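Could you have the model open while you go through my comments?

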Amino acid sequence: MRGPLVAAAVAVLLAVTGCAGMPGQGVADTVPAPTTAPSARPTSTLSTPAPLSQEQAARRYLAIVKPYNIALERLEQAINAGRPVATVRILAAEVASANAAHMRELRATLWPVDVRAPVRELLAESARAQVHWRRASRATTRSGLVQAVLKAVEHDGAEAAGRIRRRLDLSEYDERDYS
C-alpha cells in the first residue's frame, strides 16, 4: 500500500517543483541559463563580540571604578573635615553621578564569564546605594546628609568588588590610591 502512494507523491512533487522536465527534454534543457556570473556572497558582519580577555577586563574594571572611587574619597574627606553642608551636598551629587556612570559602564562591558556574577552583584548593590546618594545630594541638614551617606555605604559592594578584583588578579582596594 505504501509503495504506490509514495510513488504518486514523488511524481506529484516532481511535477509541482518542475524537476521532471517535459518528455523529450533533458534536465539540462529545463534549467535556465544564469544571466550573470555567480558572485561570492558577503559574509555577515553581525557577530557576537567576544568577552574581554582577563587583562583587558582588569584594565577596564579599574578605569570604570576610578571616577566613582575618587568622588567617594573626596566626599569622605569633606565630611571628615567638617566642610559646609552645601559643599558636601555637591560632592554627594558627584558621587551619585559617578555611581550612575559606573553602573552604565559595568552593564555595557562584556566581561569574562567568571567575573559576570560578581559584576551583577556589584551592580545590584550600586543600585541600592544610588537611592541614598541622591537623597544625600538633596539633604538640607548635616545630619540628614550623613544619615543618607551612611545608608549608601551599607551598599558599597565591597564583597562583590573584592571577588572581581581577585578573579582579575588585581590588588585589594586601597582608598589611598584615590586620595
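Below are some numbered points on helix packing, a pocket, salt bridges and one backbone angle.

1. A word on the source before anything else: this is a predicted model. Local features are discussed only where pLDDT is at least 70, and side-chain atom pairs only at pLDDT 80 or more.

2. Let's start with helix α3, which spans residues 54–80, and helix α7, which covers residues 158–167. Their axes come within 10 Å and cross at roughly 145 degrees. On the α3 side the contact is made by Gln-54, Tyr-61 and Leu-62, while α7 brings Ala-161, Ile-164, Arg-165 and Arg-167. Sorted by class, this contact of α3 with α7 has 4 nonpolar, 1 polar and 2 charged residues.

3. Please also look at Ile-79, which is placed in helix α3. Setting aside neighbours within four places in sequence, Ile-79 is in contact with Val-88, Arg-142, Leu-145, Val-146 and Val-149.

4. Which residues are closest to the centre of the largest pocket? The pocket has a volume of about 660 Å³, and of its 33 lining residues the closest to the centre are Asn-69, Leu-72, Asp-156, Ala-158 and Tyr-173. Two or more lining residues come from each of α3, α4 (85–108), α5 (113–138), α6 (142–153) and α7. Helix α3 gives the largest share, 9 residues. By class, the lining of this largest pocket has 18 nonpolar, 8 polar and 7 charged residues.

5. The structure holds 5 salt bridges, and I would like to go through some of them with you. One joins Arg-59 to Glu-55, with the closest N and O atoms 2.8 Å apart. Both residues lie in helix α3, 4 residues apart, or about one turn of the helix. Glu-55 is exposed, because its relative accessible area of 56% is over the 50% cut-off.

6. Another salt bridge is formed by the side chains of Arg-60 and Glu-105, at 3.8 Å from N to O. Here the pair links distant parts of the chain, with Arg-60 in helix α3 and Glu-105 in helix α4, 45 residues apart. Arg-60 is partly exposed, with a relative accessible area of 31%, and Glu-105 also counts as partly exposed at 31%.

7. Do check the salt bridge between Arg-163 and Glu-121, where the closest N and O atoms are 1.9 Å apart. Arg-163 lies in helix α7 and Glu-121 in helix α5, so the pair ties together parts that are 42 residues apart in sequence. Arg-163 counts as partly exposed at 23% relative accessibility, as does Glu-121 at 35%.

8. Finally, is Asp-169 buried or exposed? Asp-169 lies in the segment after α7 and has a positive phi of about 55 degrees although it is not a glycine. For background, most residues other than glycine have a negative phi. At 66% relative accessibility, Asp-169 counts as exposed, because that value is over the 50% cut-off.

Notes. Residues are numbered from 1 along each chain as its sequence is written. Side-chain values use heavy atoms; hydrogens and water are left out. Axes are lines fitted to C-alpha atoms, for helices over the stretch in contact, and angles run from 0 to 180 degrees between N-to-C directions. Contact means heavy atoms within 4.5 Å. Ala, Val, Leu, Ile, Met, Phe, Trp, Tyr, Cys and Pro count as nonpolar, Asp, Glu, Lys and Arg as charged, and the others, Gly among them, as polar. Buried means under 20% relative accessible area, exposed over 50%, partly exposed in between (1.4 Å probe, protein chains only). On a 1 Å grid over the protein atoms alone, a cavity is a set of points where a 1.4 Å probe fits but cannot get out, and a pocket is an open set with protein on both sides within 12 Å along at least five of seven lines; lining residues have an atom within 4 Å of a point. Grid points are joined across faces, edges and corners, and a volume is the space filled by probe spheres set on the points. A salt bridge is a side-chain nitrogen of Lys or Arg within 4 Å of a carboxyl oxygen of Asp or Glu.
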